[in-house]
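Student: Could we go through this structure together? I would like to start with one residue and then look at the whole chain.

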Amino acid sequence: MATFSRSASALRSSAIRDLMSLASQPDIISFAGGMPANELFPVEEVEELFRGLSDREKRSAFQYGPTQGLPSLLESLAERLRRKGLQMEGNRILITTGSQQALNLLARAFVDPGDRVLTERPCFIGAIAAFRAAGAEVRSIPLDAEGIDIETLEKALGEGPKPKFLYVTPYFHNPAGILYGERRKRELIDTLRGSGIPLIEDDAYGDLFFHPEDRDRLIPMQALPHDGVEICYTGSFSKILGPGLRLGWLLAPEAIYGKCELIKQSSDACSPSFTQVLADAAIRSGMMEGYVERVQSEYRDRARAMTDALRRHLPDYVEWSEPRGGFYIWLTLPEGADAARVLEKAIEAGTVFVTGSTFDPEGVRRNTMRLSYCNNTPEEIERGIPLIAEAIRECCG
Ligand SMILES: Cc1ncc(COP(=O)(O)O)c(C=O)c1O
């Protein structure tokens, strides 16, 4: 019998992955996944983009490419990031195989088994998995409506071994849905200044805003003055073109970039050239910006359908807040309630969501749940939310 490594033996399938098989059954209404809607993918536009490429470009799409990414995409992406105000000087972009790979590379660059890393609570499950796979001990800091709790963060920095980094998702958080306030971002930078603890700023959803007046709040911390804090900024094409491209990026200070590039070399040599060629063409032609505007408006409608339905059907004791972008709404049940029981009832009734404990690195908080509206039509939302509300009533009264 083969003997697996300690790190492979410690790996567990996530509750989300297990639920996804259930969610794909035809008659279940799933609010569980964080996947963009199939019917919104820009199939014809991408076909047209490919047909419009030169023969040389089409051939390069089938070829291996440089580890750091295809030069043309590095250039067009850099221009796009510059427009967001991101600072390029002293930093470099690495194209990664999804931004999930960027998190894995950073974990491998910084973490030795037993090292402590800090995250938000709740936290994106893929990040927890990536950090744990590198042997990290994950300590989480609670979020409120404005962002990470600075007081608890200061306390965590002042006790125990020095954390290797802090990971945050300030823009339409997965799973909490929140958008950080401007003041909180500045306080966070001030708190880390001079600590020698790098900040990983995950911006997978920032382009999916519903209210143009939020633009200032969406300015990344990497784009704000942050002397004395090393910021590794990650982003993704998954929500603005499609996760099937498996393309993301890391913008990091030179030295951190260098380590990550070396680790990537031994991991997959390069990200898919095929989709890099397409992503580059999508940026340069302006197609991507047009597509992003279309999906912003579609997701805004879906979010509104869900908040309207929640308002009408949920008992008053359930707390939740209006999403300003992204894919998710976070529900808090009364203290002592068990969202796992609600999930059982909801599944019996024909609908599914993800329990909040899945996103709790310490795994102890049981009274929260994540609903996503991205992959449902308003009609499905209208049918599914009363079933969720009924399941909550059955369990919590
Ligand atoms: C917050 C966050 N970061 C990163 C990712 C990884 O995305 P990808 O690897 O598709 O770029 C996701 C995926 O859902 C996410 O929600």
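**A buried residue and its surroundings**

Tutor: Phenylalanine 172 is buried, because 28 other C-beta atoms lie within 10 Å. A residue is called buried if 20 or more other C-beta atoms lie within 10 Å of its own, exposed if 12 or fewer, and partly exposed in between, with C-beta atoms placed from the backbone. Please note that this is a predicted model, in which local features need pLDDT of at least 70 and side-chain atom pairs count only at pLDDT 80 or more, while totals for chains, interfaces and linings use all residues. Residues are numbered from 1 along each chain as its sequence is written.

Student: Where is phenylalanine 172 in the chain?

Tutor: Phenylalanine 172 is in the loop between E6 and H9. Helices (H or I, at least four residues) and strands (E, at least two) are DSSP runs, numbered from the N terminus. Phenylalanine 172 also has a positive phi of about 60 degrees, although it is not a glycine. Most residues other than glycine have a negative phi.

Student: And arginine 246, is it buried, partly exposed or exposed?

Tutor: Arginine 246 is partly exposed, because 18 other C-beta atoms lie within 10 Å. Arginine 246 has a positive phi of about 50 degrees and is not a glycine. Its place is the loop between E8 and strand E9 (248-253).

Student: Which residue is joined to proline 175 by a cis peptide bond?

Tutor: That residue is asparagine 174, and omega is about 15 degrees. Proline 175 lies in the loop between strand E6 (166-168) and helix H9 (182-192). The bond from arginine 121 to proline 122 is cis as well, with omega near 5 degrees. Most peptide bonds are trans.

Student: Changing topic, how many helices and strands does the chain have?

Tutor: There are 14 helices and 13 strands. The radius of gyration is 21 Å, close to the 21 Å of the globule rule for 397 residues, so the chain is as compact as a globular protein of that length. The radius is taken over C-alpha atoms, and the rule is 2.2 Å times the number of residues to the power 0.38.

Student: Which residues have the most contacts inside the largest nonpolar core?

Tutor: They are Leu106 and Phe353, in a core of 111 residues. Such a core is a set of buried Ala, Val, Leu, Ile, Met, Phe, Trp, Tyr and Cys residues joined through C-beta atoms within 7 Å. Domain 1 (6-42 + 292-396) and domain 2 (62-287) both give residues to this core, so it lies between them. The domain bounds come from an automatic or database domain assignment.

Student: How many residues of domain 1 are in contact with domain 2?

Tutor: 30 residues of domain 1 are in contact with 29 residues of domain 2. Two residues are in contact if their C-beta atoms, placed from the backbone, lie within 7 Å. On the side of domain 1 that touches domain 2, the largest share, six residues, comes from H12.

Student: Which residues come nearest to the ligand?

Tutor: Of the 14 residues around the ligand, Gly98, Ser99, Gln100, Ser236 and Ser238 come nearest.

Key
Near = placed C-beta within 6 Å.
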